[in-house]
Amino acid sequence: MAMVEIQVPDIGDFDEVTVIELLVKPGDSIQADQSLLTVESDKASMEIPSSHAGVVKELRVKLGDKVKQGSVVLLLEAAGAVSAAAPVSEEKMAPVQVNNVETAIDSGASASVPDPSVAGASGVIEIRVPDIGDFKDVTVIEVLAKPGDVVKVEQSLVTVESDKASMEIPSSSAGVLKELKVKLGDKINIGDLLAVLEGTARPAASAAAPAPATASVEAAPADASQASAPPPAAAASAAAAASSSSASASQPAHDPTVAPSGALPHASPSVRKFARELGVPLAEVKGGGPNGRITLEDVQAFTKSVMSGEARTQAQAARSPAASGTGGSGVGLDLLPWPKVDFTKFGDVERKDLSRIKKISGANLHRNWVMIPHVCNHDDADITELENFRVLMNKENEKAGVKITMLAFLIKASVAALKKFPEFNASLDGDQLVLKKYYNVAFAADTPNGLVVPVIKNADQKGVVQISQEMGELAKKARDGKLGPADMQGACFTISSLGGIGGRYFTPIINAPEVAILGVCKSQTEPVWDGKVFQPRLMLPLSLSWDHRVIDGAAAARFNAYLGQILGDFRRVLL
Ligand code: CAO
């Protein structure tokens with residue numbers, strides 16, 4: 001048996017790369033071409049395969065080491081005759097996971113093909129398939145944009161897949177997508193017409209190229225559903241395309257319940273392959289490796305937790321038969337197919353796209369509804385005195401220009417209840433409860449485009465007048481569509497008030513990762529028995545939804561009762 005030094009082969013234009021994952025250890029028997037380690041530049045990650053079969057004797061690198069072409073990474077006792085320590089051929093090596101489309105395009109490893117249809121042109125622009133390396137007849141497995149979408153330069157339009165790798169084909173120009181010339185399942189080649197845009201052109205020299213995938217990539221194709229990080233509009237249209245096409249049934253569909261984060265799950269190609277084989281949604285796996293990298297063990301642990309029923313995954317919930325068009329699998333929710341009805345048989349219909357807010361909030365609400373075991377307690381609070389006080393205050397302060405709202409009192413009262421019952425001011429993180437020492441209270445605001453949830457920060461440090469004023473400003477921003485991400489982040493607890501509209505009780509959906517939400521409906525004067533006679537009292541209906549993994553029924557009843565006491569006599573807030 002001969003000892004062979006395994007070296008880093010030609011890794012293209014990458015000068016030095018960092019070892020981010022070791023895939024074998026001394027004593028392991030390995031096959032020729034088996035991946036040994038994963039390296040990463042700032043542009044892409046790739047696996048270094050072994051040129052020989054044998055037994056690993058010694059690892060010559062450790063996590064964090066910088067290596068380049070020719071660096072010895074491992075000593076192998078090779079099986080069979082060995083002529084020389086031949087490094088793996090270039091064809092065996094190719095970056096298969098690109099960190100993001102933008103950087104992929106900047107990468108020297110990716111081919112950049114000038115698109116003659118783009119140079120200097122504006123108006124109608126033809127987007128063609130650029131140089132995709134040695135691949136022929138690659139299959140369109142995902143459509144990431146639809147006619148009418150505003151497409152940015154280098155925004156991915158489709159994902160294609162060969163038997164070795166998958167890659168996204170970006171647009172070389174910005175504009176409005178007029179026509180997509182390909183559909184799911186189509187085979188495409190370099191030069192094929194992909195789409196027609198109407199818009200502003202970009203110089204030919206910087207025409208976009210696909211993520212690098214130049215040769216017989218040994219590692220698995222990146223999971224199409226995980227590897228792309230399209231902007232929200234593209235993600236939404238991809239989800240729509242996946243659910244509307246029967247061809248999508250066999251494809252790894254986008255998980256429509258995941259609000260686009262813009263970040264890729266950090267995992268090596270082989271881990272991606274493993275996750276893909278098991279149907280594990282990498283976006284839901286918590287990475288235990290360096291810098292949150294998802295390892296093989298993380299995927300295994302995730303699978304175990306799902307199989308043992310500890311975690312019912314978002315993807316299982318989302319992988320509804322509505323998207324697949326098939327019956328239940330026996331795993332997850334195992335639901336019946338979504339009813340497919342030709343509504344036009346019964347009368348005229350009109351189709352309308354959901355607003356962007358509706359798509360994103362809908363996806364979040366769906367996840368929260370499916371994943372959180374909700375229980376809802378209803379109660380009434382006597383706000384007769386409080387409402388009298390509020391009306392008096394508003395009369396006195398008429399000139400101040402700030403209207404004190406019942407919701408502001410509710411926020412203040414909720415803070416007092418959150419302080420008394422800290423598990424309501426918490427979030428679940430695995431097996432741990434994160435108890436928050438700050439009191440940020442969100443409120444649901446109805447806008448023409450859908451529901452948004454701005455946050456009153458540090459409500460414990462603010463008075464009712466200041467809260468009313470901030471709420472007014474945030475509600476206006478919400479209606480004008482001007483809320484920024486910071487306005488909607490960091491909430492501990494949410495209040496959803498339908499008091500200005502009507503109704504008696506409802507069951508609000510918890511705003512994860514919070515563990516409770518208070519729903520409030522319209523107060524009305526009711527006869528309340530005081531032990532001797534019925535008194536007319538202004539009663540406010542409260543509906544508290546809570547996460548039964550964190551909160552027990554008794555605690556929820558106490559929370560509501562305490563809230564009722566405070567609203568009944570607001571002086572208690574001072575205690
Ligand atoms: N009972 C009776 N009247 C109430 C009340 C209650 N619980 N809450 C508010 N009102 C009254 C107000 O006093 C006001 O009356 P006046 O105009 O006579 O003073 C009127 O109803 C309108 O109030 P409002 O709704 O404009 O103001 P608000 O402070 O109560 O709420 C906001 C602000 C932004 C929360 C609200 O406008 C809103 O968007 N609510 C909808 C929230 C929602 O959609 N929740 C559902 C989420 S789950 O899908």
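The model is predicted, so a few ground rules apply: local features need pLDDT of at least 70, side-chain atom pairs count only at pLDDT 80 or more, and totals for chains, interfaces and linings use all residues. Residues are numbered from 1 along each chain as its sequence is written, and side-chain values use heavy atoms, with hydrogens and water left out.

Let's start with the sheet. Four strands make an open sheet in the order β10-β17-β15-β12, with antiparallel pairing. Strands here are DSSP runs of E with at least two residues, helices are runs of H or I with at least four, and both are numbered from the N terminus. Two strands pair if DSSP finds at least two bridges between them. As a reminder, strands of a sheet pair through backbone hydrogen bonds, either parallel or antiparallel. The edges are β10 (123-128) and β12, each of which pairs on one side only. Two bridges tie β12 to β15 (residues 175-180), and Val150 has Val176 in β15 as its bridge partner.

Is Gln155 buried or exposed? Gln155 has a relative accessible area of 7%, so it is buried. The cut-offs are under 20% for buried, over 50% for exposed and in between for partly exposed (1.4 Å probe, protein chains only). A polar atom of the Gln155 side chain lies 3.0 Å from the backbone nitrogen of Lys152.

Next comes helix α8 (residues 356-371). Its 16 residues should span 22 Å at 1.5 Å a residue, and the end C-alpha atoms are 23 Å apart, which agrees. The expected span is 1.5 Å times one less than the number of residues. The buried residues of α8 are Ser361, Ala363, Arg367 and Asn368. They cover an arc of only 150° around the axis, so they lie on the same side of α8; that arc is taken from the directions from the helix axis to the C-beta atoms.

Now for the rings. Rings of Phe, Tyr and Trp (its six-membered ring) pair if their centres lie within 6.5 Å; planes under 30 degrees apart are stacked, over 60 edge-to-face, and the rest tilted. The count by this rule is eight aromatic pairs. One of them is Phe409 with Phe570, edge-to-face at 5.1 Å centre to centre and 85° between the planes. This pair links distant parts of the chain, 161 residues apart: Phe409 is in helix α10 (residues 406-420) and Phe570 in the segment after α12 (553-568). Phe409 and Phe570 are both buried. Phe493 and Phe559 have ring centres 5.8 Å apart and planes at 50°, so that pair is tilted. Phe493 is in strand β25 (residues 493-497) and Phe559 in helix α12, 66 residues apart; both are buried. Ring pairs also link Phe421, Phe424, Phe493, Phe559 and Tyr562 into a cluster.

Lys420 lies over the face of Tyr562, 5.2 Å from the ring centre, while the charged end of Lys419 sits over the ring of Tyr439, 5.4 Å from its centre. The test is NZ of Lys or CZ of Arg within 6 Å of the ring centre and within 35 degrees of the ring normal.

Technical notes. Polar contact = N/O pair within 3.5 Å; in protein donor to acceptor, adjacent residues only side chain to side chain.
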